[in-house]
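Biologist: I am new to this structure and would like to know how each label was assigned. Please show it to me.

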Amino acid sequence: MLCFRFCPVPRLELVLLCLVLGAARSCALELNLTNSEKATCLYAKWQMNFTIHYETTNKTYKTATISDHDNVTYNGSICDDDHNVSKIAVQFGSGFSWIVNFTKQEPNYFIDSISFSYNTEDNITFPGAKDKGIVTVHYSEKVSIPLNDIFRCSSLLTYEENHVVQHYWDVLVQAFVQNGTVSRKEFLCTKDKGSTTVAPIIHTTVPSPTTTPTPKEKPQVGNYSVSNGNTTCLLATMGLQLNITQDKIASVININPNSTGFTGSCQPQTAQLRLNSSIIKYLDFVFAVKNENRFYLKEVNASIYLANGSVFSIANNNLSYWDAPLGSSYMCNKEQTLSVSGTFQINTFNLKVQPFNVTEGKYSTAQDCSADDDNFLVPIAVGAALAGVLILVLLAYFIGLKRHHAGYEQF
């Protein structure tokens, strides 16, 4: 379903374009700000989401992902060319606000700072939060852009500050539009230019494609979920370690759940969990129903930024892992390896997943992967028992035969 929402504000023309696919939403916000002469003075279009890690009253930590931008307003957005300042101010959901400030100093303008505020008194979004109240996170950013250019960044931008991970992508902004006409001349962000500068996170490389990289420490276990409205429809708990080989270079990447965002969707026959971070453009786990009574992991798609600046991409929609009955979860505490391709494997640790029929946001009874081992042990045990019986029969036969010959000799 494709829906458009128009939110009129005095002297402000804005459009929020929401592309809704089932239960998952990817919202592009588009803002066209005009001056007193009704000429465009600021234009912006972008996508964003936020991952917030907070402490609970039980002294544990939970993660809230903010990707739905409901009830959006743009109060406080300004473009003041006379004073060389512009600002985008967005309010949405239950107490969320986001502000980005711009300044102008010819011949350039600058993205100066970003601030994001959230309210932990919202018990639906932050159940069991220890500290209640409004929290504001400030991030100083200094991006210089030629005055007559529009800034574009299709790549994923990630900023992390004070337990909040901010993700931005498909960004298009011109904070000081000249003569009311949005520029067609683009100024690309560093990532879109194909920069080799990538956040130095959890990469290990070895020079030989035939040599396994030195194993890293076990990855941290993360908790991920997908919601359909206010109802949780997918749960996943797992530590993830990626093994990639590209251009004869092997890399091992441990996924850090504290800096990883997650979204997804739930359908009657399929469910998807998507992870993203500063080095993971996307990592998709796609589940499917089979025979109307079981689920399994059918597909993995990935696009990952490597340390040398290249991008590794892979897709396989013909997998068959994590098989369990519908209405239950799949669990495997031991290390497992998902072979997506000859160049991409995923090691999982302390895995538990339920992509369908989640009740009250909790896991159902789990089918343990040890049951798979038992399926192999049963025929082995039966074969061993039969072999043992056969050996006993043969021994009895030879013993009896020997005694028979001994009786003839005595006679």
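The talk below goes through the labels and the values behind them.

Modeller: This is a predicted model, in which local features need pLDDT of at least 70, side-chain atom pairs count only at pLDDT 80 or more, and totals for chains, interfaces and linings use all residues. Residues are numbered from 1 along each chain as its sequence is written, and side-chain values use heavy atoms, with hydrogens and water left out.

Biologist: What does pLDDT say about the chain?

Modeller: pLDDT is the predictor's confidence in each residue, from 0 to 100. The chain averages 82, and 82% of the residues score at least 70. Over residues 1-26 pLDDT stays under 50, and residues 195-212 also stay under 50.

Biologist: How many helices and strands are there?

Modeller: The chain has one helix and 28 strands. Both are DSSP runs numbered from the N terminus: helices are H or I with at least four residues, strands are E with at least two.

Biologist: Why is Leu 297 called buried?

Modeller: Buried means under 20% relative accessible area, exposed over 50%, and partly exposed in between, with a 1.4 Å probe and protein chains only. Leu 297 has 0%, so Leu 297 is buried. Its place is in strand S22, residues 294-305. Leaving out residues up to four places away in sequence, Leu 297 touches Phe 285, Val 286, Phe 287, Leu 319, Ser 320, Tyr 321, Trp 322 and Leu 338. A contact here means heavy atoms within 4.5 Å.

Biologist: Why does Thr 348 count as buried?

Modeller: Thr 348 has a relative accessibility of 0%, and therefore counts as buried. Thr 348 lies in strand S27, residues 344-354. Among the residues that Thr 348 touches are Gly 239, Leu 240 and Trp 322.

Biologist: What makes the pair Ser 341 and Thr 343 a polar contact?

Modeller: A polar contact is a pair of N or O atoms within 3.5 Å; within protein, one must be able to donate a hydrogen and the other to accept it, and residues adjacent in sequence count only if both atoms are side-chain atoms. The side chains of Ser 341 and Thr 343 make such a contact at 3.2 Å.

Biologist: Why is Tyr 397 called exposed?

Modeller: Tyr 397 has a relative accessible area of 52%, so Tyr 397 is exposed. Tyr 397 lies in helix H1, residues 370-410.

Biologist: Which peptide bond is cis?

Modeller: The bond from Glu 106 to Pro 107 is cis, with omega near 15 degrees. Pro 107 is in the loop between S8 and strand S9 (108-119).
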